[in-house]
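The sequence and the structure come first.

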Amino acid sequence: LEQLGVDTKTQRMDSSFVGSFIKKMSRLEIAVKVLQNFYKELPEEEQKRWQTFLAEYLGEEAQHLSFRLKRAEVETHLTKVGEWLFKLHEAYSGDEDIADLQSYRHVGRVLKEQYLVTKEKEETVIEVKPAKEISASSLQNPADDTATFRRKGDEDHQGYVFNVAETCSPANPVQLLTDVSLYPNVISDEVIAAERVPEIKERMEVKEMITDAGFTGEASEKV
């Protein structure tokens with residue numbers, strides 16, 4: 001910075017959505033794909049144990065299953081898949097090798113995010129959560145389990161927020177990036193600024209950070 005004669009006191013910060021290279025999946029597709037992924041990673045002998053029971057969900061892609069079902073049938077199958085996911089999760093909860101698989105963790109995550117699991121007397125009841133109760137941080141696609149969902153205006157976004165800070169003094173011979181970060185897209189600009197600005201100040205002198213209105217708020221104004 002000193003060699004280039006760049007003044008870091010005035011900077012600007014902005015963010016942009018970055019899409020994850022994943023297919024948008026329905027709730028049923030996600031549940032079926034997670035079931036299929038876990039089944040494929042089971043030892044061969046364990047696959048034989050479950051094959052007959054899970055046959056209707058193993059023979060075709062999750063997307064194809066979802067497309068051929070009538071709308072009234074979707075929730076029935078979503079519930080049924082949830083029941084099998086629960087049985088699979090319970091069956092291997094004590095097996096350290098299998099429980100350490102990412103596909104097993106996805107089974108547990110889908111059960112938590114998409115279903116209500118309740119005990120009634122000696123029976124466990126699996127119910128599909130209402131769509132309005134599904135978090136934007138829920139699993140969007142097992143191919144990228146950190147991608148999140150956010151609707152801004154009329155557009156849906158699956159992926160992340162790419163945040164950048166750079167010098168912007170007109171007197172600078174060149175402008176340089178001073179910070180680059182990636183966040184789940186459910187994180188607000190205000191929260192990002194509250195976290196990144198102190199980090200930048202630790203590395204260089206900053207007196208003014210120019211942002212748009214989305215970055216302003218009680219948390220970010222304190223930094």
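F17 stands opposite V161 in β5. This is a predicted model. The strand pairing in question joins β1 (residues 10-19) to β5 (residues 155-167), antiparallel, over nine bridges. Strand β5 also pairs with β4 (residues 148-152) and with β6 (residues 177-184).

| Strand paired with β5 | Sense | Bridges |
|---|---|---|
| β1 (residues 10-19) | antiparallel | nine |
| β4 | antiparallel | five |
| β6 (residues 177-184) | antiparallel | seven |

On the β6 side, V164 has V180 as its bridge partner.

Helix α1 (residues 27-41) packs with helix α4 (residues 71-91) at an angle of about 30°, the axes being 10 Å apart. Angles under 35 degrees count as roughly parallel, and α1 and α4 are therefore roughly parallel to each other. The crossing of α1 past α4 is left-handed. From α1, the residues R27, L28, A31, V32, V34, L35 and F38 take part; they meet V74, H77, L78, V81, W84, L85 and L88 of α4. By class, this contact of α1 with α4 holds 12 nonpolar residues, one polar and one charged.

How do α1 and α6 lie relative to each other, roughly parallel or roughly antiparallel? Their axes come within 8 Å and cross at roughly 155°. That makes α1 roughly antiparallel to α6. Here too, α1 passes α6 in a left-handed crossing. On the α1 side the contact is made by R27, I30, A31, V34, N37, F38 and E41, and on the α6 side by S103, Y104, H106, V107, V110 and Q114. The contact of α1 with α6 divides into seven nonpolar, four polar and two charged residues.

Aromatic pairs were searched for over the whole structure, and five were found. One of them is F38 with Y104: the ring centres are 5.8 Å apart and the planes lie at 55°, so the pair is tilted. F38 belongs to helix α1 and Y104 to helix α6 (residues 102-114), so the pair links distant parts of the chain, 66 residues apart. F38 is listed in the contact of α1 with α4 and in that of α1 with α6.

Definitions and conventions: Residues are numbered from 1 along each chain as its sequence is written. This is a predicted model: local features need pLDDT of at least 70, side-chain atom pairs count only at pLDDT 80 or more; totals for chains, interfaces and linings use all residues. Side-chain values use heavy atoms; hydrogens and water are left out. Axes are lines fitted to C-alpha atoms, for helices over the stretch in contact, and angles run from 0 to 180 degrees between N-to-C directions. Helices (H or I, at least four residues) and strands (E, at least two) are DSSP runs, numbered from the N terminus. Angles under 35 degrees count as roughly parallel, over 145 as roughly antiparallel, 65 to 115 as roughly perpendicular and the rest as oblique. A crossing is left-handed if the near helix is turned anticlockwise from the far one by less than a right angle, and right-handed if clockwise. Contact means heavy atoms within 4.5 Å. Ala, Val, Leu, Ile, Met, Phe, Trp, Tyr, Cys and Pro count as nonpolar, Asp, Glu, Lys and Arg as charged, and the others, Gly among them, as polar. Two strands pair if DSSP finds at least two bridges between them. Rings of Phe, Tyr and Trp (its six-membered ring) pair if their centres lie within 6.5 Å; planes under 30 degrees apart count as stacked, over 60 as edge-to-face and the rest as tilted.
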